[in-house]
Amino acid sequence: MTEQSQPASTVWLTQKTHDRLHAELEELKGPLRAEIIARISAARDEGDLKENGGYHSAKDEQGKMEGRIRQLEDMLRQATTEPAADDGRVSAGKVVTYRYQGDDETEQFLLGSRDIDDDEADVEVFSPQSPLGAALDGAAKGETVDFEAPNGKTLKIEIVDAVPFSG
């Protein structure tokens, strides 16, 4: 592993997305968790839990919220907002410009966590685990890569550029 590369488990986020997800986590762990606990307690006080729709609804909501909390904690524990190296190689944190072989038009995407998509309307976001992201990850500017499309066809894609995201 080179100095500039990230471990496979690292999740690249823009600072804006990192801050938004951290704020969501704090809201879930604080006021929202307390609100659901209060609703469960109030429903429990009503008596028979077998036919208490409010209790079951609040418990379901609590389960979903706790799952989201675990998901956010795991993601933020593995997250980095460090700028990617400006080395012309496709990696997380880069805006990748590419074109299909035989096509003159180029396309672009940002390689990073799909959560970035909620904060960056100007650029499409693909994760390194997506088919296209995985196929191009590590390729250098000027290289042509074979990409197996979801329909089973193998396409040749040329990397036109890979530059650090500047937000």
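User: Let's start with W12. Leaving aside neighbours within four places in sequence, which residues is W12 in contact with?

Analyst: Keep in mind that this is a predicted model. W12 itself sits in strand 1. Setting aside its neighbours within four places in sequence, W12 is in contact with T80, T81, E82, A92, G93, L110, L111, G112, S113, I116 and F165.

User: How far apart are the C-alpha atoms of W12 and T80?

Analyst: T80 is among the contacts of W12. The two residues are 68 residues apart along the chain. Their C-alpha atoms, though, are separated by 5.2 Å.

User: Which residue has its backbone oxygen by a polar atom of the W12 side chain?

Analyst: The contacts of W12 include T80, T81 and E82. One backbone oxygen lies 2.8 Å from a polar atom of the W12 side chain, and that oxygen belongs to E82.

User: Is W12 buried or exposed?

Analyst: Buried means under 20% relative accessible area. W12 has a relative accessible area of 7%, so W12 is buried.

User: What kind of aromatic pair do W12 and F165 make?

Analyst: A search of the whole structure finds four aromatic pairs. In the pair of W12 and F165, the ring centres are 6.2 Å apart. The planes are at 80°, and over 60 degrees counts as edge-to-face. So this pair is edge-to-face.

User: How many residues apart in sequence are the parts that this pair ties together?

Analyst: W12 lies in strand 1, residues 11-12. F165 is in the segment after strand 7 (154-164). So the pair ties together parts whose separation in sequence is 153 residues.

User: And is F165 buried or exposed?

Analyst: The cut-off for buried is under 20% relative accessible area. F165 comes in at 19%, so F165 is buried.

User: Which element gives the largest share of the largest nonpolar core?

Analyst: That core has 22 residues, and L13, L21, L110, I116 and F165 touch the most other members. Strand 1, helix 1 (15-45) and helix 2 (53-78) are the elements that give two or more residues to this core. The largest share is seven residues, and it comes from helix 2.

User: What does I116 touch, not counting residues up to four places away in sequence?

Analyst: I116 is one of the core residues that touch the most other members. Not counting residues up to four places away in sequence, I116 touches W12, L13, T14, T17, L110 and V125.

User: In which sense do strand 3 and strand 4 pair?

Analyst: The two strands form a hairpin with six residues between them, and G102 in the turn has a positive phi of about 90°. Within the pairing, V95 stands opposite L110 in strand 4. Over four bridges, the sense of the pairing is antiparallel.

User: Which residue in strand 5 is the bridge partner of L111?

Analyst: Strand 4 and strand 5 (residues 125-126) are joined by two bridges and run parallel. In strand 5, the partner of L111 is F126.

User: Which residues do ring pairs link into a cluster?

Analyst: Y98 and F109 form an edge-to-face pair, 5.7 Å centre to centre with 65° between the planes. Y98 counts as buried at 3% relative accessibility, and F109 does too at 0%. The cluster linked by ring pairs is made up of Y98, Y100, F109 and F126.

User: Where does pLDDT stay under 50?

Analyst: The mean pLDDT of the protein is 90, and 95% of its residues reach 70 or more. For one stretch, the model has four contacts beyond four places in sequence and pLDDT stays under 50: residues 1-7.

Technical notes. Residues are numbered from 1 along each chain as its sequence is written. Side-chain values use heavy atoms; hydrogens and water are left out. Rings of Phe, Tyr and Trp (its six-membered ring) pair if their centres lie within 6.5 Å; planes under 30 degrees apart count as stacked, over 60 as edge-to-face and the rest as tilted. Buried means under 20% relative accessible area, exposed over 50%, partly exposed in between (1.4 Å probe, protein chains only). pLDDT is the predictor's confidence in each residue, from 0 to 100. Contact means heavy atoms within 4.5 Å. A polar contact is a pair of N or O atoms within 3.5 Å; within protein, one must be able to donate a hydrogen and the other to accept it, and residues adjacent in sequence count only if both atoms are side-chain atoms. A nonpolar core is a set of buried Ala, Val, Leu, Ile, Met, Phe, Trp, Tyr and Cys residues joined through side-chain atoms within 4.5 Å. Two strands pair if DSSP finds at least two bridges between them.
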